[in-house]
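Please keep the sequence and the model in view while reading.

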Amino acid sequence: VQLQAFGGGLVQAGGSLRLSCAASVRMYAMGWFRQAPGKEREFVAAIIWSGGGTYYADSVKGRFTVSRDNVKKTMFLQMISLKPEDTAIYFCAAVIKPSTVVNDRYYNYWGQGTQVTVSS
């Protein structure tokens, strides 16, 4: 199983970025996590593949939107109103079986990270 994340970059505060993550197979759910320098990895958002239910961290609600393309087996993270505190390496991950999607311990596969830097 391969996951590939794309779309990171440098943006000014208030700007937008769109991340994407392509999977080689369909999963129960896929999620986004991020890790800032000196901090632990934290949950950002997740989407249940069948049905499209979504979950968000409180810190990104109303600013980030997770979606998926069933045909292309690709997950997206649209980020708007970005803040300097959103700066981190963003990882996509996939979980095979129904489980808690906000906890990284349940994810089976991880993609390489993509850097998001928000300047003030």
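## Strand pairing and aromatic rings

Strand S1 (3-6) is joined by 4 bridges to strand S3 (residues 17-23), and the two run antiparallel. Here strands are DSSP runs of E of at least two residues, numbered from the N terminus, and two strands pair if DSSP finds at least two bridges between them. Within this pairing, Gln-4 stands opposite Ala-22 in S3.

The model is predicted, so local features need pLDDT of at least 70 and side-chain atom pairs count only at pLDDT 80 or more, while totals for chains, interfaces and linings use all residues. Residues are numbered from 1 along each chain as its sequence is written, and side-chain values use heavy atoms, with hydrogens and water left out.

S1 and S3 belong to an open sheet of 4 strands with antiparallel pairing, in the order S1-S3-S8-S7. Strand S1 and strand S7 (64-69) stand at the edges with a single partner strand each, so one side of each has no neighbour in the sheet. S3 and S8 pair in the antiparallel sense over 6 bridges, and the bridge partner of Arg-18 in S8 is Gln-78. S7 and S8 likewise pair in the antiparallel sense over 6 bridges, with Phe-64 opposite Met-79 in S8. In the hairpin of S7 and S8, where 4 residues lie between the strands, Lys-73 takes a positive phi near 50°. Strand S8 (residues 74-79) has 5 of its 6 residues buried, so it is largely enclosed by the rest of the structure; buried means under 20% relative accessible area, exposed over 50%, and partly exposed in between (1.4 Å probe, protein chains only).

Rings of Phe, Tyr and Trp (its six-membered ring) pair if their centres lie within 6.5 Å, with planes under 30 degrees apart counted as stacked, over 60 as edge-to-face and the rest as tilted.

| Pair | Centre to centre | Between the planes | Type |
|---|---|---|---|
| Phe-33 and Phe-43 | 5.6 Å | 70° | edge-to-face |
| Phe-33 and Trp-110 | 5.1 Å | 55° | tilted |

Phe-33 lies in strand S4 and Trp-110 in strand S10, so their pair ties together parts that are 77 residues apart in sequence. Phe-33 counts as buried at 1% relative accessibility, whereas Trp-110 is partly exposed with a relative accessible area of 28%. Ring pairs link Phe-33, Phe-43, Tyr-107 and Trp-110 into a cluster.
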